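Below are some numbered notes on the model, for reading alongside the sequence and the coordinates. They begin with a single residue and then widen to the chain.

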Amino acid sequence: MSVDGSLERRKQPPPAPSTGNGNGVVPPNLGHYSANRLRLNPNKDHKPDSYEDLQLEFSPFLFSSLEQYLPPSMLRVSRDIKLQYMKHILLRYSPEGERLRVQRHREYRQKIIANYKPLHKELFTMHAENFFVPSFLKAIKDDKEGGFRSIMFQPSPGVYTFEMLQPNFCEMLLSEVESFERWVHHTKYRIMRPNTMNKYGAVLDDFGLETMLNKLMLDFIRPISEVFFPEVGGATLDSHHGFVVEYGTDRDVELGFHVDDSEVTLNVCLGKQFSGGELFFRGVRCDKHVNTETQSEEMLDYSHVPGRAVLHRGRHRHGARATTSGRRVNLLMWCRSAVFRELRKYQKDCSSWCGECQREKKERQRQAVAATKMELLKRDGKPTA
Ligand SMILES: [Zn+2]
């Protein structure tokens, strides 16, 4: 199959329209904080505070790990003071535009969380036994490659599927999303949709599920990705974008051919009655090769089963066929690694994951071997002096 250059990189939408008074946001005055310093070596005996209950512009885990680097005098002060101290250090390293974007998005989120009343409170903190099927829990607990492989199918290289979510969890999440949509409808609140390609669906992180989903990524998706996707930062996944998408004749119908803005994508069907909506995969590609041809062994069509997860690299080209009847809702998590993104800037060779780079590399090797053979034959053919 040839791709006609229409492949899209599915992205998060641009930042939320400012919900403030139109005066914009004033950047914090960092003046007297510029002297804030960290120590070079961590204090390993220090037990850091938890920041998971707070809505912050950086991951709560970042603050917990940064605490060990605070100067000794800062270790005895209140969590709030430590937080301010670390925030001002972190803000020094993010450019102003990005800072404003993050700040506006945080305000947008806080406004929703302050006003939306969850339907199922139990969804908002991780209860692994209630969320996941026993086979998945056991494989994670064993934390061994063999355990993961025993529950996973790999219908095509780099695409893994496995039973993951309990029916009851799927139902609760579906009704929570419906309740959120009703709230949006009633309040006429303008919400951001999950990405540039979906008009329906909701960002779960925006209405309070961020901490739970982050735990899902760190404790469940990262150990698996470490084994199956180490070459794209599977071991260092550290942030996510969590959302649901809705398909049906009265919703988004299909999804064009694209790659995700993620290192690893988790896609779980939450259910409802539907027909159609198959996922199709067409090989992993780097930026340079995103529109190159698909090899026959890279083609895969997959039909969703409620509760069952599909895990693949974000750069695995894919799309979804039309959902021809009923309604289909899927949970998506785009898992990202800051380390991998930083390293990629210096990496020229993507042959450990891009199908086309791999093919080119093999071809170069084949030519080198052929040239050497030729050279040897020529030498052997020469008359000896
Ligand atoms: Zn490539």
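1. Arg317 counts as buried because it has 25 C-beta neighbours inside 10 Å; a residue is buried if 20 or more other C-beta atoms lie within 10 Å of its own, exposed if 12 or fewer, and partly exposed in between, with C-beta atoms placed from the backbone. Arg317 is located in strand 12. Leaving aside neighbours within four places in sequence, Arg317 is in contact with Leu7, Phe257, Val259, Arg282, Gly283 and Arg285, where contact means that C-beta atoms, placed from the backbone, lie within 7 Å. Asp260 is 57 residues from Arg317 in sequence, and their C-alpha atoms are 8.1 Å apart.

2. On provenance, this is a predicted model, in which local features need pLDDT of at least 70, side-chain atom pairs count only at pLDDT 80 or more, and totals for chains, interfaces and linings use all residues. Residues are numbered from 1 along each chain as its sequence is written.

3. Strand 12 covers residues 316-320, and because four of its five residues are buried, the strand is largely enclosed by the rest of the structure. Strand 12 pairs in the antiparallel sense with strand 9 (residues 279-284) over four bridges; two strands pair if DSSP finds at least two bridges between them. In that pairing Phe281 has His318 of strand 12 as its bridge partner. Strand 6 (residues 255-260) also pairs with strand 12 in the antiparallel sense, over two bridges, and Leu255 stands opposite Ala320.

4. For the chain overall, there are ten helices and 13 strands; these are DSSP runs numbered from the N terminus, with helices being H or I of at least four residues and strands being E of at least two. Of the 385 residues, 30% count as buried. The C-alpha trace spans about 85 × 60 × 45 Å along its principal axes. Among contacts with a separation of 6 or more, 82% are between residues 24 or more positions apart.

5. An unreviewed UniProt entry places the feature "domain: Fe2OG dioxygenase" at residues 238-337. UniProt positions are given in the numbering used here, feature names are shortened, and annotations may be inferred rather than shown by experiment. In the model, residues 238-337 are 0% helix and 62% strand, and the end C-alpha atoms of this stretch are 5 Å apart.

6. Which residues of the largest nonpolar core touch the most other members? Of its 56 residues, they are Leu204, Ile221, Val244, Val268, Met333 and Cys335. Helix 8 gives the most to this core, with seven residues. A nonpolar core here is a set of buried Ala, Val, Leu, Ile, Met, Phe, Trp, Tyr and Cys residues joined through C-beta atoms within 7 Å. Not counting residues up to four places away in sequence, Val268 touches Met164, Leu165, Arg308, Ala309, Asn330 and Leu331.

7. Helix 8 bends by about 45 degrees at Ile221, and Pro223 follows within four residues. The bend is the angle between axes fitted to the seven residues ending at a residue and the seven starting there. The buried residues of helix 8 include Leu213, Met217, Phe220, Ile221 and Ile224.

8. Gly233 lies in the loop between helix 8 (210-228) and strand 5 (239-248). Gly233 is buried because 25 other C-beta atoms lie within 10 Å. Beyond residues up to four places away in sequence, Gly233 touches Glu263, Ser337, Val339 and Phe340.

9. Two positive phi values deserve a check. Lys188 has a positive phi of about 60 degrees although it is not a glycine. Most residues other than glycine have a negative phi. Lys188 sits in the loop between helix 7 (167-187) and strand 4 (202-203), and it is exposed because 6 other C-beta atoms lie within 10 Å. Gly158 takes a positive phi near 85 degrees in the hairpin of strand 2 and strand 3, which has two residues between the strands. Those strands (residues 153-156 and 159-163) pair in the antiparallel sense over two bridges, with Phe153 bridged to Thr161.

10. Helix 10 (residues 355-381) has 27 residues and reaches 39 Å from its first C-alpha to its last, close to the 39 Å expected; the expected span is 1.5 Å times one less than the number of residues. Its buried residues are Gly355, Glu356 and Cys357, and the buried residues of helix 10 pack against strand 9.

Terms used: Two residues are in contact if their C-beta atoms, placed from the backbone, lie within 7 Å.
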